[in-house]
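Trainee: I am new to this structure and would like to learn how to read it. Could we go through it feature by feature?

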Amino acid sequence: MKRYSPSALLESLREIVPAQANGALCIAYSGGLDSSVLLHSLAELVARGAPYRLRAVHVDHRLQADSSKWREHCVRTAREAGIECTALSVEVPAADGAGGLESAARKARYEALRKELRPDEVLLTAHHADDQLETMLLALVRGAGVRGLSAMPALQAFPPGWHARPLLPFSRAELETWARERGLSWIDDPSNEHVGFDRNYLRHQVVPALRERWPSVMHSAVRSAMHLGEAGRLLDSLAEADARAALVGPCLRVPALKALEPERRRNLLRYWIKQQGVRAPSSRKLAAIGHDMLSAGEDREPCVEWDDAQMRRHAGLLYCIPLQSGLPEGLELKWPEGEALELPAGLGRLRVVAAHAGLAHEKLSWPLTVRFRRGGERFRPAGDAHHRALKKLLQSSRVLPWWRERLPLVYSAGQLAAVADLWVAQEYAASEGERAVAIVWENKPAIVAQADNR
């Protein structure tokens, strides 16, 4: 490994920064040693003519008594280096089931950075070789697979831009040597000493022993992560090939999954779940998916839940959807005229707009009432000669089973006037010449089953 210098950093940047960024770099600047080295090195490179446009962002978690002083230090230090610095404050939940305060702070930080990042800009974080080793060890003790053990990539998509880690080739000791030679000052966060945090425990208790026995272990970890990253990309390529035969819209065909060997099936499932924007489940949950989703009888519609997601099967297809919160029993919502109605549980909202056909405005008794299915509802859609069980109408219209109890039913004077934006009751339908209005369901979920025409 090369001794750290701004010139070595420049080589790293040239290897990983996408051309589409046009030199726009945003430094995640905490004020600690690592990000201070990154900030001052980049300022020096730009002063020497490097084609980068720099700015910095500091995230204040407000978890330490001195956090406001740190924020002032970062803004002042960046300004002295000739770099604009934006200070953001975030709220960190008191606890987080997936990893405690450490995980909650990281999630809040990255969410704030994502919102701040400009289109096609590259977020630079100061992760180095020691961080990479710690990340790999954490993944190892948690039983991660190839993707988890590949730890932190040098570059990854981070919409609306990218996230790059140009300091991965260098150890913390190398960065500190350069910082002391330049006389830099930086912030020491006392929380970094608390060995109750998993990463700090590894940093203070485990890594020093490994480094004493194998001095180059950090750089070896970086190489191993690169190899594992390549293996992970190959697995993704295999999953993409398998997906071409298995995908139907956003869904996976159960017969195509059954035809795959178990290892390829699990690989495809992990890849597909990730493509839905959901964290892949544990091996145990994945085994439950393989059993419940693929082995259950054709008349069954199993469901497996994890984190904030759930997987369901219907008509030979798998759906990966957000976890649905329950609706209070007997819920009724009053809908005043002229207002939009926000629906609960992330179901969007309803509006009424003028239309050429639909509900007869004069027949509606405001405020309307919105309920959800309680069972036994009967309904005569406009143009239909007979009343029908709503349950049968929903089935014949291929509304997915898990949405049938969550459709907003619009009542006027106690009578069912409309089923969401799907049907208008014959009794309330506007005749020719009558003033008509239509129900618009905004942010409507995908309630209709995907058609598998293969």
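Trainee: How many bridges join strand 9 to strand 10, and do they run parallel or antiparallel?

Mentor: Strands of a sheet pair through backbone hydrogen bonds, either parallel or antiparallel. Here 4 bridges join strand 9 to strand 10 (residues 309-314), and the two run antiparallel. Two strands count as paired if DSSP finds at least two bridges between them. Strands (E, at least two residues) and helices (H or I, at least four) are DSSP runs, numbered from the N terminus. This is a predicted model, in which local features need pLDDT of at least 70 and side-chain atom pairs count only at pLDDT 80 or more, while totals for chains, interfaces and linings use all residues. Residues are numbered from 1 along each chain as its sequence is written, and side-chain values use heavy atoms, leaving out hydrogens and water.

Trainee: Which residue in strand 10 is the bridge partner of W306?

Mentor: W306 has A309 as its partner.

Trainee: What is the order of the strands in the open sheet?

Mentor: The order of its 5 strands is 7-8-11-10-9, with antiparallel pairing. At the edges are strand 7 (247-248) and strand 9 (303-306), each pairing on one side only. Helix 12 (residues 283-295) lies across strand 9, strand 10 and strand 11 (317-322), at about 165 degrees to strand 9. Such angles run from 0 to 180 degrees between N-to-C directions, with axes fitted to C-alpha atoms, for helices over the stretch in contact. Contact means heavy atoms within 4.5 Å.

Trainee: At what angle do helix 5 and helix 9 pack?

Mentor: Helix 5 (residues 129-141) and helix 9 (residues 217-246) pack at about 65 degrees, their axes 8 Å apart. Among the residues that meet are L133 and M136 in helix 5 and V222 and L228 in helix 9.

Trainee: Why is the pair of Y4 and F170 called edge-to-face?

Mentor: Rings of Phe, Tyr and Trp (its six-membered ring) pair if their centres lie within 6.5 Å; planes under 30 degrees apart count as stacked, over 60 as edge-to-face and the rest as tilted. The Y4 and F170 centres are 5.0 Å apart and the planes at 85 degrees, so the pair is edge-to-face. Y4 is in the segment before helix 1 (6-16) and F170 in the loop between strand 6 (161-164) and helix 7 (172-181), 166 residues apart.

Trainee: Are Y4 and F170 buried or exposed?

Mentor: Both are buried, where buried means under 20% relative accessible area, exposed over 50% and partly exposed in between (1.4 Å probe, protein chains only). Ring pairs link Y4, F170 and W178 into a cluster.
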